[in-house]
Amino acid sequence: MKAENTAGGILTLWNPLKIIIVDAEATRNYLSAIIQPMGMSETFLVTNVYGPQRIDEKISFLSSLVDLRSRHKEIPWVLGGDFNMIKSLSEKKGGTRILSKDAAGFHSFTEDMNMVDSEVQNGIFYMEQQKRR
């Protein structure tokens, strides 16, 4: 993703000896690629996000991810990055201790897309074993 002004853009790294990029697309808020690991026939959709700061752009951003998923619903999806949204106050660091209007929309998005939210403790990500729906 091309950087704008002081924004650094979005970057995705891969080992071309192990991963083939089948297709890719970029928007202002995500960089997405269909990848195929060498020696495998299965492909995966991998999307890195950096969500908008402005509240009025956040729901549109989530809609663009729903659209992306609907165009590639037949393959597994790995989605990660900084959404610039939270689902609960336990995720909030600094600022006013209230949930923004986008929290309900983000919560609905993660539920509707069957996303697994990896939590952070002391700067380290971990994932709990989750039941499949």
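Start by selecting strand S1, residues 19–26, where you will find Val22; strands (E, at least two residues) and helices (H or I, at least four) are DSSP runs numbered from the N terminus. You are looking at a predicted model, in which local features need pLDDT of at least 70 and side-chain atom pairs count only at pLDDT 80 or more, while totals for chains, interfaces and linings use all residues. Residues are numbered from 1 along each chain as its sequence is written, and side-chain values use heavy atoms, with hydrogens and water left out.

Next, show the side chains of Glu25 and Arg71, which meet in a salt bridge (3.0 Å, N to O). This pair links Arg71 in helix H1 with Glu25 in strand S1, 46 residues apart. A salt bridge here is a side-chain nitrogen of Lys or Arg within 4 Å of a carboxyl oxygen of Asp or Glu, and the count by this rule is four.

Stay with H1 (residues 55–71) and bring up H2 (residues 102–112): they pack at about 10°, axes 10 Å apart. H1 and H2 are therefore roughly parallel (angles under 35 degrees count as such). To see the contact (heavy atoms within 4.5 Å), select Ile55, Lys58, Ile59, Leu62, Leu65 and Val66 in H1, then Asp102, Gly105, Phe106 and Phe109 in H2.

Finally, visit two loops. Asn84 sits between strand S4 (77–82) and H2, with a positive phi near 55°. Asn114, between H2 and strand S5 (119–121), also has phi near 55°.

Methods: Axes fitted to C-alpha atoms, helices over the stretch in contact; angles between N-to-C directions. Parallel < 35°, antiparallel > 145°, perpendicular 65-115°, else oblique.
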